[in-house]
Amino acid sequence: MIKNKQNYLNNPNLPASDSQFEYTAEMATSLKKCANNILYFAENYFHIVSLDEGKQCIELHLCQKRVLRKMRDNRFFILLASRQIGKTTLFTIYALWVACFQEDQSILIVANKENTAIEIFRRIRLAYEELPNWIKPGVKEYGKTSMSLANGCRIGISTTTGTAARGQSINVLLLDELAFIEPHLVEEFWKSVYPIVSSSKKSKIFIASTANGTGNLFHTLYSGAENNKNGWAGDKILWNEIPGRDEKWKLETVATIGSLDAFNQEFNCEFLDSGESSVNEELYNKLSVYIKQPLYVMEEGNYQIWEEPKDDRIYVAGVDVSEGIDKDATVIQVIDITELTNIRQVACYHNSGISPVNFTSKLNEILAQWGRPLVCVERNNCGAQVVDGLRNTFGYDNIVSWGAATAGRQKDQLGIVVHTNTKYTGITNMRYWVNQLEVVQIRDINLLKEFKSFVRHSNGTWSAKKGAGYHDDRVMSFVWALIILDKDLVDKHFEVIQHDSNNRPLILKQLDFGIKYYTNPGSLYNDTDGNNSAMPTILSDKNTGLSEMENLIQLGYKIHNGR
């Protein structure tokens with residue numbers, strides 16, 4: 001019991017720094033056991049809040065006990081861990097154990113994002129408050145980002161910046177998700193932090209992260225620990241070391257995240273090589289079979305059509321917008337998703353010189369040709385101008401909105417809001433249909449070549465190879481076309497008649513959005529008076545032997561003014 005009944009900020013779970021206690025013999029014994037045994041401390045006094053059971057003492061799994069012992073017994077320890085194995089909980093247990101039972105220790109917890117660091121510290125505060133008052137030192141300072149205790153211990157947080165921990169004296173450094181620090185931040189951060197901690201003979205560094213590609217600092221440190229080359233102790237926790245996770249759980253998780261590659265990286269602790277192409281040689285050869293010459297080539301070669309639009313098909317368009325200054329290209333991909341076992345690319349518009357203003361009207365015209373389908377336009381940068389113009393100027397209603405909440409935006413916005421997480425979801429979804437199911441037919445050889453040079457980088461992200469001549473505009477517009485099959489969107493925009501074994505859509509029915517209007521491809525080149533304003537290029541029909549002019553006439557073109 002607290003003799004002077006003084007609490008910090010009148011919180012009964014925060015004893016003041018000068019609080020005094022009367023201890024029973026049992027309490028004194030427990031204090032000694034806690035100080036000597038981190039597992040005893042955790043399993044008897046560390047509480048978690050379970051959705052099913054409510055507040056309860058934690059029951060550590062064997063793999064978690066193994067890791068806590070290694071944190072206790074080693075100065076430098078690195079953990080490669082599956083997702084959802086309690087990495088943050090292990091950090092919290094160790095930080096509180098040191099803060100409660102040692103003196104004058106400075107503990108710094110570093111995460112790749114400020115919100116993540118604050119969330120970790122929130123959990124530390126909650127766990128501290130749930131400890132019995134007689135077992136924990138009193139509070140001197142207690143804030144949202146740090147706390148100081150009566151025994152001289154301090155726990156604080158920081159983000160991975162070049163100035164993190166500079167000038168501080170640190171006894172214990174806990175690094176969360178090191179593999180996900182942006183490469184340009186890692187070098188400066190490590191230069192700033194490592195010399196401070198390693199200069200002391202007793203200070204410790206603990207790192208825990210999910211795998212995220214090769215060639216980054218986390219991969220280097222873990223590989224060195226695994227091969228006994230850098231003096232670090234290492235361990236890994238696989239997905240099936242957590243009770244209740246079996247093959248059925250694995251299959252359900254693969255279906256949820258949409259990719260076996262993603263599961264192997266995030267749950268099976270596999271480092272997926274950087275530089276890996278999105279399509280390997282075997283898949284590239286399979287996809288090459290579907291490459292064919294377009295039925296129509298228009299707009300000086302910028303617009304290619306492989307199939308004529310039909311009113312009984314389900315089309316969707318994906319759009320990637322550029323500045324129109326002959327660097328990156330603005331691209332429209334139109335795909336046919338009527339049969340999800342046979343998804344086909346039916347048209348592609350690719351132009352690196354068209355401005356966003358001019359492109360908006362061109363996009364509206366092309367979409368009209370395909371029955372005004374759902375369109376997924378990347379909203380970032382110049383895309384916002386196109387999305388807003390398409391809606392406000394042309395009254396286009398079928399614009400898909402997705403990603404704003406994931407990107408942390410409070411207000412929903414038209415179009416596809418691209419963020420690290422939404423791009424990851426989009427590419428994972430694309431790889432499910434292209435790589436895992438192999439149900440996509442690519443007609444455009446240039447798109448297939450872009451897929452070949454679309455690679456995984458050392459930080460786990462995907463984009464075009466570095467260097468001149470590599471682009472990914474065709475690929476990303478294709479990604480945004482396929483995003484309509486993501487569960488969050490497909491249930492909103494279609495009636496899913498049947499799902500596959502991975503709970504993905506197998507048979508779709510288009511919701512009734514009213515009458516579809518299809519314009520003839522040639523109408524894109526007629527002005528309001530019906531006069532032809534530009535001449536498309538149409539490939540000659542080798543089967544009938546008709547000339548290009550005869551083909552034009554059969555398509556409904558008329559010769560004006562003797563031309």
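In this predicted model, helix H13 (residues 420–436) packs against helix H15 (residues 473–482), with the two axes 9 Å apart and crossing at an angle of about 85°. Because angles of 65 to 115 degrees count as roughly perpendicular, H13 and H15 are described as roughly perpendicular to each other. On the H13 side the contact is made by Thr422, Lys423, Gly426, Ile427, Asn429, Met430 and Val434, while H15 contributes Met476, Val479, Trp480 and Leu482.

| Helix | Residue range |
|---|---|
| H4 | residues 87–101 |
| H13 | residues 420–436 |
| H15 | residues 473–482 |

Elsewhere in the chain, Phe101 belongs to helix H4, and, when its neighbours within four places in sequence are set aside, Phe101 is in contact with Leu31, Cys34, Ala35, Phe41 and Ile135. Phe101 and Ile38, which are 63 residues apart in sequence, have C-alpha atoms 10.0 Å apart in space.

Turning to the chain as a whole, its secondary structure comprises 17 helices and 24 strands, and 52% of its 563 residues count as buried. Among contacts in the chain with a separation of 6 or more, 66% are accounted for by residues 24 or more positions apart. The accessible surface of the chain comes to about 26,600 Å², and carbon and sulfur atoms hold 46% of that area.

Methods. Residues are numbered from 1 along each chain as its sequence is written. This is a predicted model: local features need pLDDT of at least 70, side-chain atom pairs count only at pLDDT 80 or more; totals for chains, interfaces and linings use all residues. Side-chain values use heavy atoms; hydrogens and water are left out. Helices (H or I, at least four residues) and strands (E, at least two) are DSSP runs, numbered from the N terminus. Buried means under 20% relative accessible area, exposed over 50%, partly exposed in between (1.4 Å probe, protein chains only). Contact means heavy atoms within 4.5 Å. Accessible areas come from the Shrake-Rupley method with a 1.4 Å probe; for residues, only the protein chains shown count as cover. Axes are lines fitted to C-alpha atoms, for helices over the stretch in contact, and angles run from 0 to 180 degrees between N-to-C directions. Angles under 35 degrees count as roughly parallel, over 145 as roughly antiparallel, 65 to 115 as roughly perpendicular and the rest as oblique.
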